[in-house]
Amino acid sequence: MNSGDLRPRVIALLGPTASGKSALAAELSKRIPVEIVSVDSAQVYRGMDIGTAKPDADERASIPHHLLDLLDPDESYSAARFCRDAAAAIADI
């Protein structure tokens, strides 16, 4: 990739819980413009902040996040809907 190549990229940060993915994303955001599309199955639910490591208001203000707080806990969310929502978020970014 040369410095004139401005095509968008998707970087996937994967790993176990508490392995430092969020910290790495924050560090990346200091070097390149990034937005985060959450793939955490619990973070799509409003009110489920404890136990999900959902980013706080300051983190969300400094780095745009997608697919957080979409549903109430009594609503269902499927893998198919996640695929559609993630694809739409990536296209918007």
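Modeller: A residue is called buried when its relative accessible area is under 20%, exposed when that area is over 50%, and partly exposed in between. Please bear in mind that this is a predicted model.

By the rule applied here, the count of salt bridges comes to eight. I shall take up three of them in turn.

One of these joins Glu27 to Lys30, with the closest N and O atoms 3.5 Å apart. Both residues belong to helix H1, which covers residues 21-31. Because Glu27 and Lys30 are three residues apart in that helix, about one helical turn separates them. Glu27 has a relative accessible area of 31% and is therefore partly exposed. Lys30, with a relative accessible area of 66%, is exposed.

Another pair lies in helix H3, residues 79-92. Here the side chains of Arg81 and Asp85 meet in a salt bridge, at 3.4 Å from N to O. Arg81 and Asp85 are four residues apart, about one turn of the helix. Arg81 is partly exposed because its relative accessible area is 29%, and Asp85 is likewise partly exposed, at 21%.

The side chains of Asp69 and Lys54 form a salt bridge with an N to O distance of 2.4 Å. Lys54 is buried, because its relative accessible area is 9%, whereas Asp69 counts as partly exposed at 24%.

Most residues other than glycine have a negative phi. Asp69, although it is not a glycine, has a positive phi of about 55°. Leu67 is another non-glycine residue with a positive phi, near 70°. Leu67 lies in the loop between strand S2 (65-66) and helix H3, and Asp69 is found in the loop between S2 and H3 as well. With a relative accessibility of 8%, Leu67 counts as buried, while Asp69, at 24%, counts as partly exposed.

Methods:
Residues are numbered from 1 along each chain as its sequence is written. This is a predicted model: local features need pLDDT of at least 70, side-chain atom pairs count only at pLDDT 80 or more; totals for chains, interfaces and linings use all residues. Side-chain values use heavy atoms; hydrogens and water are left out. Helices (H or I, at least four residues) and strands (E, at least two) are DSSP runs, numbered from the N terminus. Buried means under 20% relative accessible area, exposed over 50%, partly exposed in between (1.4 Å probe, protein chains only). A salt bridge is a side-chain nitrogen of Lys or Arg within 4 Å of a carboxyl oxygen of Asp or Glu.
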